[in-house]
Amino acid sequence: MDIELRENERIDDLEYKGLKIIQNKDGFCFGIDAVLLSDFAKNIKAHSRVIDLGTGTGIISILLCGKTKLEKVIGVEVQEEVSDMARRSSKLNGLEDKFEIINKNILELNQVFENNSFDVVVTNPPYKKQNTGIINDDERKLISRHEILANLKDFIYVSSKILKDRGEFYMVHRPERMVDIFSIMREYKIEPKEVRLVFSNEKNPPKMVLIKGVKNGGEYLKFRENLYIYNEDGSYTDEILQIYNKSKF
């Protein structure tokens, strides 16, 4: 399929069921966090209606289309240029009927969807509070990494509104913000149910946390086994190779 590429754009092969994605080499490209979140959420029920808050170029939604039997996934992206890339990636993969992109701030979704209308929320929100960390001059990267247009509380609040009762919530974030995350989740009736810490290797502290919650779920939290990205020699662990569909087994 012929897809028009803009300046500095490229098509990357995801090496999974023939799926591909359009990215801008000067913009914010997806990282391992998005890939790990798609794997963490791969057991969502068949025929689920899913919404991806802050979809970026659509990597999580595209992978979930390949990994699950979801009925429909809506990707919400505030940046027009980035949402256009996601839309063209959907077309590139022949997913127009399954993966739809909406160019809006998540705080405007009450104008589009009724409450309690989705089975699953997935989100890889900006990790850094506004005016913290290294500030990038590129606006696209700044919005993707920092809570400029919506903050952590906004993402969880909106998720609570649009999730059905007992709907599932999947997020990847930073471990240092876990107290805030759990506190806000409970405030908005999304009960934390599963946590998985992600480490670069066994010698370093965790760098990411994968969280599953359930709207109006019971109080029970399970810690899954730690996930390590690298072996001591710097090579990928077997589980990471399996997630990337490069397992030697």
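Visitor: What does the secondary structure of the protein chain come to, and what makes a stretch count as a helix or a strand?
Guide: The protein chain has 7 helices and 11 strands, where helices (H or I, at least four residues) and strands (E, at least two) are DSSP runs, numbered from the N terminus. This is a predicted model, in which local features need pLDDT of at least 70 and side-chain atom pairs count only at pLDDT 80 or more, while totals for chains, interfaces and linings use all residues. Residues are numbered from 1 along each chain as its sequence is written, and side-chain values use heavy atoms, with hydrogens and water left out.

Visitor: How much of the protein chain counts as buried, and what does that word require?
Guide: Of the 249 residues of the protein chain, 53% count as buried; buried means under 20% relative accessible area, exposed means over 50%, and partly exposed lies in between, with a 1.4 Å probe and protein chains only.

Visitor: Why is Ser90 called buried?
Guide: Ser90 has a relative accessibility of 2%, and because this is under 20%, it counts as buried. Ser90 is found in helix α3, residues 80-92, and, leaving aside neighbours within four places in sequence, Ser90 is in contact (heavy atoms within 4.5 Å) with Leu95, Glu96, Phe99 and Ile101.

Visitor: Why is α5 described as largely enclosed by the rest of the structure?
Guide: Of the 11 residues of α5, 8 are buried, and therefore the helix is largely enclosed by the rest of the structure. Those buried in α5 are Leu152, Asp154, Phe155, Ile156, Val158, Ser159, Ser160 and Ile162. The elements they pack against include β3 (49-53), β6 (118-123), β7 (163-173) and α6.

Visitor: How do α5 and α6 pack, and what makes their crossing right-handed?
Guide: Helix α5 (residues 152-162) and helix α6 (residues 178-187) pack at an angle of about 35°, with their axes 9 Å apart; axes are lines fitted to C-alpha atoms, for helices over the stretch in contact, and angles run from 0 to 180 degrees between N-to-C directions. On the α5 side the contact is made by Leu152, Lys153 and Ile156, and on the α6 side by Asp180, Ile181, Ile184, Met185 and Glu187. These residues divide into 5 nonpolar, no polar and 3 charged, where Ala, Val, Leu, Ile, Met, Phe, Trp, Tyr, Cys and Pro count as nonpolar, Asp, Glu, Lys and Arg as charged, and the others, Gly among them, as polar.

Visitor: Which residues make the contact of α1 with α2?
Guide: α1 and helix α2 (residues 59-67) pack at an angle of about 35°, with their axes 9 Å apart, and their crossing is right-handed. The contact is made by Ala34, Val35, Leu37, Ser38 and Asp39 of α1 together with Ile59, Ile60, Leu63, Leu64 and Lys67 of α2. By class, this contact has 7 nonpolar, 1 polar and 2 charged residues.

Visitor: Why is Arg166 called exposed, and what is its phi?
Guide: Arg166 has a relative accessible area of 53%, and because this is over 50%, it is exposed. Arg166 lies in strand β7, and its phi is near 70°, a positive value in a residue other than glycine. Most residues other than glycine have a negative phi.

Key: Left-handed = near helix turned anticlockwise from the far one by under 90°.
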